[in-house]
Amino acid sequence: VHLQACGGGLVQPGGSLKLSCAASGSIFSIYVMGWYRRTPGKQRELVAYITSGGATNYADSVKGRFTISRDNGENTSYLQMTSLEPEDTAVYYCNARVSTTRGGVPSDYWGQGTQVTVSS
């Protein structure tokens, strides 16, 4: 299973970016798709996740500004980020909990990080 993340970049405070994460490979089912971020000197933190049924959860710091969504047919998740703040600067990683066979135990897979920099 391979996760390909893209969409990072440099944006001014108050701006928007949309990240995407496409999963490919031997996939039977994707249960949860999520986004995490890491800044230097800090632990990786959960930003948001979405279940296969569409339930979502967000870190308090991004509620009301970020929206996670997914396209189950395309095995892709999206993170729409608005009203970006310098504190959102981080490397963002996508994650998916995937089972590769019917009845198989799901495993976590990670995409490569994508840098998001919020600066004027």
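In which order do the four strands of the open sheet lie? The legends below begin with that view of the predicted model.

**View 1. The open sheet of four strands.** The strands follow the order β1-β3-β8-β7 and pair in the antiparallel sense. β1 and β7 form the edges, each pairing on one side only. From one strand to the next, the twist averages 15 degrees.

**View 2. The pairing of β7 and β8.** Six bridges join β7 and β8, which run antiparallel. Phe66 stands opposite Met81 of β8.

**View 3. The largest nonpolar core.** This core holds 28 residues, and Trp35, Val47, Phe66, Leu79, Met81 and Tyr92 have the most contacts inside it. Elements giving two or more residues include β1 (2–6), β3 (17–24), β7 (66–71) and β8 (76–81). β9 supplies the largest share, five residues.

**View 4. The surroundings of Leu79.** Beyond its neighbours within four places in sequence, Leu79 is in contact with residues including Leu17, Leu19, Trp35, Val47, Phe66, Ile68 and Tyr92. Lys18, Ala48 and Thr67 are also among the contacts of Leu79.

**View 5. The disulfide of Cys21 and Cys94.** One disulfide is found in the whole structure. The sulfur atoms of Cys21 and Cys94 are 2.2 Å apart, and the link is right-handed, with 60 degrees about the S-S bond. Because Cys21 lies in strand β3 and Cys94 in strand β9, the pair ties together parts that are 73 residues apart in sequence. Both Cys21 and Cys94 are buried.

**View 6. Cys6, a cysteine in no disulfide.** The nearest cysteine sulfur to that of Cys6 belongs to Cys21, 8.6 Å away. Cys6 is partly exposed, its relative accessible area being 39%.

How values were computed. Residues numbered from 1 in each chain as written. Predicted model: local features only at pLDDT ≥ 70, side-chain atom pairs only at ≥ 80, totals over all residues. Heavy atoms only, no water. Core = buried A, V, L, I, M, F, W, Y, C linked by side-chain atoms within 4.5 Å. Buried < 20%, exposed > 50% of the residue type's maximum accessible area, 1.4 Å probe, protein only. Contact = heavy atoms within 4.5 Å. Pairing = 2+ DSSP bridges. Axes fitted to C-alpha atoms, helices over the stretch in contact; angles between N-to-C directions. Disulfide = S-S within 2.5 Å.
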